[in-house]
Amino acid sequence: MQLAPDISDSEWSVMTALWESSPQTASEVTKTLRPTMNWAENTVRTLLTRLVEKGALKTAENASGTRTFIPAVKREACVRAESQSFLDRIFGGAAKPLLVHFAENSKLTAEEVEELKKLLDRQLNS
């Protein structure tokens, strides 16, 4: 697995389908995404090609010789990269304003607040 490439929102949808189940053919990815995206197979093929070019996907052939697609990067690596990009763009890379924003604007349960406190305490003690 390699570093996470920069992927668009549409490409993220394709990656999610493949992280959940792979390998898949272009037709299978199209079928998986149809209920939410309603994209034509050509659109999905274009996105798959872009993701292969970016190194996010690798290809293989199934038993019948049809090209299949498999993630080349882990979901966690992409989430981490997207989170850092968001933090940098919106909060200038500073975590505190992000945490304050979410604490003030999210409806957190008592359990969620307690869990966050524990995470912050662990961060403080590491």
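This is a predicted model: local features need pLDDT of at least 70, side-chain atom pairs count only at pLDDT 80 or more; totals for chains, interfaces and linings use all residues.
**Notebook: helix packing, hairpin, pocket**

From α1 I have S10, E11, V14, M15 and L18, and from α3 L47, L48, R50 and L51. By class, I noted six nonpolar residues, two charged and one polar in the contact of α1 with α3.

Next I went to the strands. β1 (residues 57–61) pairs with β2 (residues 67–71) in the antiparallel sense, over five bridges. I looked up L57 and found its bridge partner in β2 to be P71. The two strands, β1 and β2, form a hairpin with five residues between them. In the turn I noted G65, which has a positive phi of about 85°.

Last, I turned to the largest pocket, which holds about 360 Å³ of space. Its lining consists of L99, F102, A103, S106, L108, V113, L116, L119, L120, R122 and Q123. I sorted the lining into eight nonpolar residues, two polar and one charged. Which helices each supply at least two residues of this lining? I found α5 (95–105) and α6 (110–124). Of the elements, α6 gives the most to the lining, with six residues.

How values were computed. Residues are numbered from 1 along each chain as its sequence is written. Side-chain values use heavy atoms; hydrogens and water are left out. On a 1 Å grid over the protein atoms alone, a cavity is a set of points where a 1.4 Å probe fits but cannot get out, and a pocket is an open set with protein on both sides within 12 Å along at least five of seven lines; lining residues have an atom within 4 Å of a point. Grid points are joined across faces, edges and corners, and a volume is the space filled by probe spheres set on the points. Helices (H or I, at least four residues) and strands (E, at least two) are DSSP runs, numbered from the N terminus. Ala, Val, Leu, Ile, Met, Phe, Trp, Tyr, Cys and Pro count as nonpolar, Asp, Glu, Lys and Arg as charged, and the others, Gly among them, as polar. Contact means heavy atoms within 4.5 Å. Two strands pair if DSSP finds at least two bridges between them.
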